[in-house]
Amino acid sequence: MKKTFLLLVSALLVLGFAAQSCNPHNPKEEEEIDPADLERLKFTVEPNDNWVYDSTPTFLLHITNPNDVKVTEKVKLIIKTDKGTNVSTEEQEINVPANGLDFELKSAQTLDPGFYRATIYVGRPSRSFVFGIDPTHIVSAPDMQADFNSFWEATKQELYEVDMQAELTEITSHSSAARKVYLVEIKSIPDTAGKEPVTVRGYYLEPQDGKKHPVLMHYYGYDELSGSSKVYCPYGGSDAYFAEFYLCTRGQVLNNRKASKREEDGHGDFVNIYGDWFAYNFGHRDNYYYRGAFMDCIQGVRFMASRPTSDISNLFAEGSSQGGAFSYAAASLSDYPFTAIAPCVAFLGDFPDYFQIVGWPANTARENKGSMTDEEMYQFLSYFDTKNLATRIPAGTAVIACSGLQDGTCPPHTNIAPFNNLKTTEKEYYYYPEMQHTIPADWESKITAFFKARIK
């Protein structure tokens with residue numbers, strides 16, 4: 001009897017253990033991971049379509065899940081205009097497996113042409129960046145004053161009355177058999193009518209084969225006020241394809257360097273007397289810095305036209321930032337038509353919008369506008385705005401331009417303004433989605449091919 005009882009108890013114990021093992025409600029299996037113990041998801045946004053879309057953006061997210069379980073997370077998309085006005089906020093919940101996820105984040109918004117800022121959250125991590133919608137249809141209406149053209153024609157007439165008095169000093173250490181390299185000094189328009197002409201300088205590369213060559217003008221970006229860095233002097237090289245001039249406007253680059261900061265040329269120090277160039281005589285149209293600087297660009301072209309090895313019928317210009325603005329200004333104001341220009345991340349575009357997007361040079365303008373109202377300030381600036389100058393560029397001038405979508409100095413909105421106001425249909429625009437205010441690595445090869453394809 002005792003033996004039978006013990007067998008019965010053993011059987012019951014075995015059955016109970018088995019039932020517990022097969023119980024689908026095992027509390028250990030139901031135990032959930034505390035969200036506080038989960039590691040944060042990480043993600044990147046791929047620059048699909050260069051972050052430039054026709055009307056509705058779709059962003060490609062690569063989400064990494066460092067946990068070994070599926071994670072449910074909220075994805076939030078906030079869109080604002082590039083001026084900071086709220087457009088939309090959209091949220092959705094997604095499941096991210098342990099091995100991560102590639103996810104298309106489609107906005108429900110149909111957006112007008114323009115540049116916008118997207119901020120994307122996957123849980124707490126976020127990424128903010130600028131994207132574009134149909135940028136070549138952004139309207140940056142010209143706002144030139146009634147006397148815009150007559151002002152510039154009168155200014156050019158004043159330039160023509162200046163004796164250029166070109167002086168050339170060879171930089172023998174940089175000359176080659178193909179091209180000699182010179183420091184060039186020329187006289188340009190006075191800062192104030194009736195005063196002494198201003199001397200400006202540049203480096204000139206002159207082919208030595210006795211033939212005429214296409215002319216390439218190089219215009220510089222905004223200089224450093226300190227003038228502490230040494231100015232690069234180009235070499236003659238073995239290729240004499242172009243006759244080239246690296247023109248430095250008044251008070252900048254070569255005109256803002258001590259002798260020790262230039263290639264040895266036998267001259268003394270050159271001193272910037274203008275201070276911060278954008279602020280110089282701000283509000284005074286007839287002696288503002290850029291009135292003189294634009295004429296320096298034109299005087300550089302006139303110098304090249306005077307050289308025996310220049311084929312001025314094949315005239316090109318390139319420059320970045322301020323140099324991009326100078327490229328537009330030169331093509332707009334020169335009496336020698338440009339075959340093609342290549343403004344990159346150009347400065348001085350669409351001031352009324354520019355000043356609403358980024359801090360500089362708006363802060364400098366407002367610090368120096370004196371008693372002018374904002375309306376009067378924009379009327380003054382309209383004479384030097386590339387979106388207005390672009391309307392004067394002949395339809396026969398081809399243009400290749402670019403901007404970095406993340407540029408916080410010369411944002412893409414200000415770059416596309418003059419481009420959209422050009423008369424020519426022979427134009428190309430390149431967007432660099434991740435780029436800030438710099439020159440793309442492939443830009444030189446792009447513009448060289450663009451220029452050479454258009455040589456007559």
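Tutor: Before we begin, helices (H or I, at least four residues) and strands (E, at least two) are DSSP runs, numbered from the N terminus. This is a predicted model, in which local features need pLDDT of at least 70 and side-chain atom pairs count only at pLDDT 80 or more, while totals for chains, interfaces and linings use all residues. Residues are numbered from 1 along each chain as its sequence is written, and side-chain values use heavy atoms, with hydrogens and water left out.

Student: In which loop does Asp-134 lie?

Tutor: Asp-134 has a positive phi of about 45° although it is not a glycine. At 24% relative accessibility Asp-134 counts as partly exposed, a class between buried (under 20% relative accessible area) and exposed (over 50%), with a 1.4 Å probe and protein chains only. The loop that holds Asp-134 is the one between β8 and α3 (148-160).

Student: Is strand β7 (residues 114-122) largely enclosed by the rest of the structure or largely open, and how many of its residues are buried?

Tutor: Two strands pair if DSSP finds at least two bridges between them. Strand β4 (residues 71-81) and β7 pair in the antiparallel sense over 7 bridges, and β7 also pairs with strand β8 (residues 126-133) in the antiparallel sense, over 8 bridges. Strand β7 is largely enclosed by the rest of the structure, because the buried residues number 7 of the 9.

Student: Which residue in the turn of the hairpin formed by β7 and β8 has a positive phi?

Tutor: Within this pairing, the bridge partner of Ile-120 in β8 is Arg-127. The hairpin of β7 and β8 has 3 residues between the strands, and the turn residue with a positive phi, of about 70°, is Gly-123.

Student: What is the volume of the largest cavity?

Tutor: A cavity is a set of points, on a 1 Å grid over the protein atoms alone, where a 1.4 Å probe fits but cannot get out, and lining residues have an atom within 4 Å of a point. The lining of the largest cavity includes Tyr-220, Leu-247 and Phe-326, and the elements giving two or more residues to this lining are β13 (243-248) and α5 (322-333). The volume of the largest cavity is about 30 Å³.

Student: Which residue does a cis peptide bond join to Trp-360?

Tutor: The residue in question has its place in the loop between α6 (351-357) and α7 (362-368). Omega of the cis bond is about 10°, and the residue joined to Trp-360 is Pro-361.

Notes: On a 1 Å grid over the protein atoms alone, a cavity is a set of points where a 1.4 Å probe fits but cannot get out, and a pocket is an open set with protein on both sides within 12 Å along at least five of seven lines; lining residues have an atom within 4 Å of a point. Grid points are joined across faces, edges and corners, and a volume is the space filled by probe spheres set on the points.
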